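Look at the structure below and follow the text one part at a time.

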Protein chains: 2
Amino acid sequence: METVSIIQLIESKQHKELKEHLADANAFDLAEEFENLNREQQAILFRSLPKDAAANVFSHLPAETKENLIGLLTDPELSHIVNDLFLDDAVDFIEEMPANVVKRVLKNASEDTRKQINQLLQYHEDSAGSIMTTEYVDLREEMTVEEAFARIRRVGMDKETIYTCYVVDGKRVLDGVVTVRTLLLANAADRVGDVMSTNVLCAATGDDREAVAAIFQKYDLIALPVVDTGGHLVGIITVDDVMEVLEEENTEDFYKMAAIEPSDDPYLTSGVLEIAKKRIFWLLVLMISGICTGGIITHYEEVLQNLPALIASIPMLMDTGGNAGAQSSTVIIRGMAIGELHLSDGLRILWKELRVSALVGIVLGMFNVAYKWLVSGDPRLAVAIGVSLFTTVILAKTIGSMLPLLAKWLKADPALMAAPIITTLVDAGGLIVYFSIASLIL
Amino acid sequence: METVSIIQLIESKQHKELKEHLADANAFDLAEEFENLNREQQAILFRSLPKDAAANVFSHLPAETKENLIGLLTDPELSHIVNDLFLDDAVDFIEEMPANVVKRVLKNASEDTRKQINQLLQYHEDSAGSIMTTEYVDLREEMTVEEAFARIRRVGMDKETIYTCYVVDGKRVLDGVVTVRTLLLANAADRVGDVMSTNVLCAATGDDREAVAAIFQKYDLIALPVVDTGGHLVGIITVDDVMEVLEEENTEDFYKMAAIEPSDDPYLTSGVLEIAKKRIFWLLVLMISGICTGGIITHYEEVLQNLPALIASIPMLMDTGGNAGAQSSTVIIRGMAIGELHLSDGLRILWKELRVSALVGIVLGMFNVAYKWLVSGDPRLAVAIGVSLFTTVILAKTIGSMLPLLAKWLKADPALMAAPIITTLVDAGGLIVYFSIASLIL
């Protein structure tokens, strides 16, 4: 589909052609088209959408566009959209709107929809409950396969997935799951209770959504039921929402590891003040640590006055120590995030990092000894720098690999123990090592 | 399922009880059980698995365990496993085995399986072809819905997904797709050609797998067809494989951004030499840059000798500049990776970062002026440090945000322009600014 043609059709008021053009288009592509239109054009395009596609397209629009459209829609139009949205999309949408818009949206929702939205809004934003939908196909054990298909045909149109159906008893306690694949391969007269699987993976409403994502990854799922504390089925989570969770969690880790407070807001539409706020805290904390590190240099002023040549190697030592530490912390943080490394691997990690850092430290140290000897002609200065670098690399990789584990042990987020903090700590340690060794050798 | 009981059942040779215990277990959980067993116990457990579950469990085992089991299996047993594996799993498995094992595996595959495996092995490891499977349900336009269901029932058992079916013509050119949901809602006598969707999203075999993952995320897909240059359907990609791709690509970015060469090998089983090799290159390059930065200090030796108090602020300036730059580069790199930022946003990004850095720089700079004035009693020194920090922060955020864009423009990987390189560049720039301003003011 070409962007030009949609704008052209709107501008030339070819409404009939526009509708035909939209009939077969993909909802995700259509949502993108809105970005190129002004407010009035957006309203025209939205009203031209096939009625059953409007809610789907709406759910994929950016928050700004949604708010704009709502301002232009009549109450009956709004009511149609809200009731037609998947419940989890409706909740996401309400969470990003200002209060007055939310009020109007909920007023125009059917009573049933409003009740369900209000219930979903109560779950904590990082919980399984917040990403689930209540639109699933439920079956009963005593149904036959034929009756099950009849039910899927009757209610399936409005459900997020029909491919996994959930078998509940009279009190809505989850008894088992059955896939459409299993139902297709079974006989029409078989009882659902006889073909369903009772070995059911499920999440609790309060479970962390990151843990839920890990279950999807481990078991290659496309949907997972969510139960309350009494084992009653309250919703399901689908794989598309899990992929979004994973993307958000990864972005969060990238941000934390660069000493930025995570944010869900898109960069380009965020205010300058807002962005600055997310960055200033850690910069300030780390700057104060940097000032303390500077104090170490002042402490060794006497050594420096006797040997000003030592100063020139400070940046190299600080940079290399920081980089070596950041490498280790990144490997360990990521390893824990994807479930490859655990607290119980601590000793194996330490032993491995010690050997790796010894190896890396020797190469880098030797390089410096050779270079410094050649340039300065002073073998003792060269050895002092080489040994300091070797020790700093070992220190850096030990701190870099152990701090994320320590954070995990303290139930804090390991991603906070990344490059920025490691660098600051290693800088201070490295300088102390450097000046001590220099005083000793020279 | 408890680990203890499986080991106990094996040790006490209760083979019948073991088999019963395994009958209802989850393949992913069973694969995990192998980690706690020795070689002989692994063979016993594997032979006790229900025949139709063995290949599935096998595909989720770590490479080491797979190789061990193959050594213990007879040719007919091996043949059964290989032919029963999903083709994409078989290819992954063959790619991680040594040559002699591969030879034996292929020898025991059926001719048809061998041919398909060899074909899939030819695709580049980062391409759509390398993650696709050839096991999908294909239908014809002229079939009725009833005939389609009959075909799904007949061939569906062995296919990775049955929920999206692919409609091809006599030459296997992809004409459309139809979901089981659509088929269930259609009438038995409808023609597949009349209910299928012809607006088909698909990938080409040579497409980058990261681009494929982006399509899955944008369109919330659970499967995507792959066609060759002639439009012939050659395979499908399923969402579980895409989630793995996303995890690997994210890990790769984390590694690159910490100046480590990416690796697919798990940390704990990788050799020390191998790990050191992945880390030494960038450490060496960045160390040499650090040595050059040291040269800048030597260049200003005269200034330093007159004002030794300047030295104490070097770590604070270097750390803060590095951190400020790393924040910006991380935000831009991640924004481009998730498709939120593009090259065309360059000017908006620059303008935003300039304002953010001015704001952040003023706060940090003022803090330093106040602190230094208080501690040293020298207002001129305090102002020199404050102004230098302010300038360094602006420099850092400009370099940090623009270099990833430059890399993208040069068709290089933006993730390489992350904290380590930014820090080195900002260190050098920051020191020059610092000494110039200090010479000027003091």
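Predicted model: local features only at pLDDT ≥ 70, side-chain atom pairs only at ≥ 80, totals over all residues.

Begin in chain A with helix α19 (residues 314-337) and helix α20 (residues 346-376), which pack with their axes 12 Å apart and at an angle of about 150 degrees. α19(A) and α20(A) are therefore roughly antiparallel to each other. The crossing in which α19(A) passes α20(A) is right-handed. On the side of α19(A), the contact is made by A:Thr320, A:Ala324, A:Ser328 and A:Ile332. On the side of α20(A), A:Ile349, A:Glu353, A:Ser357, A:Val360 and A:Leu364 take part. Sorted by class, the residues in this contact of α19(A) with α20(A) are five nonpolar, three polar and one charged.

Another helix pair in chain A can be read in the same way. Helix α4 (residues 39-48) of chain A packs with helix α6 (residues 63-72) of chain A; the axes are 10 Å apart and the angle is about 75 degrees. α4(A) and α6(A) are therefore roughly perpendicular to each other. From α4(A), the residues A:Arg39, A:Gln42, A:Ala43 and A:Phe46 meet A:Thr65, A:Asn68, A:Leu69 and A:Leu72 in α6(A). This contact of α4(A) with α6(A) has four nonpolar, three polar and one charged residues.

Now turn to strands. Strands of a sheet pair through backbone hydrogen bonds, and the pairing is either parallel or antiparallel. In chain A, strand β2 (residues 164-168) and strand β3 (residues 174-179) pair in the antiparallel sense, with five bridges. Within this pair, A:Cys165 stands opposite A:Val178 of β3(A). β2(A) and β3(A) form a hairpin, with five residues between the strands. In the turn, A:Arg172 has a positive phi of about 65 degrees.

Strand β5 (residues 223-227) of chain B runs antiparallel to β6(B), and five bridges join the two. One residue of this pairing is B:Val227, whose bridge partner in β6(B) is B:Leu233.

How are the chains placed relative to each other? Two copies of a chain are related by a rotation about an axis and a shift along it. Here chain B is superposed on chain A by a rotation of 180 degrees with 0.0 Å of shift along the axis, and the RMSD is 0.2 Å. The two copies are thus related as by a two-fold rotation axis.

How many residues of chain B are in contact with chain A? There are 88, and they touch 88 residues of chain A. Helix α17 (residues 272-299) of chain B gives the largest share of the side of chain B that touches chain A, 16 residues. By class, that side of chain B has 52 nonpolar, 19 polar and 17 charged residues. Of the interface residues of chain B, 100% are also interface residues in chain A, so the copies meet through the same surface.

Methods:
Residues numbered from 1 in each chain as written. Chains lettered and ligands numbered in written order. Axes fitted to C-alpha atoms, helices over the stretch in contact; angles between N-to-C directions. Helix = DSSP H or I, 4+ residues; strand = E, 2+ residues; numbered from the N terminus. Parallel < 35°, antiparallel > 145°, perpendicular 65-115°, else oblique. Left-handed = near helix turned anticlockwise from the far one by under 90°. Contact = placed C-beta atoms within 7 Å. Nonpolar A, V, L, I, M, F, W, Y, C, P; charged D, E, K, R; others polar. Least-squares fit on C-alpha atoms with pLDDT ≥ 70 in both. Pairing = 2+ DSSP bridges.
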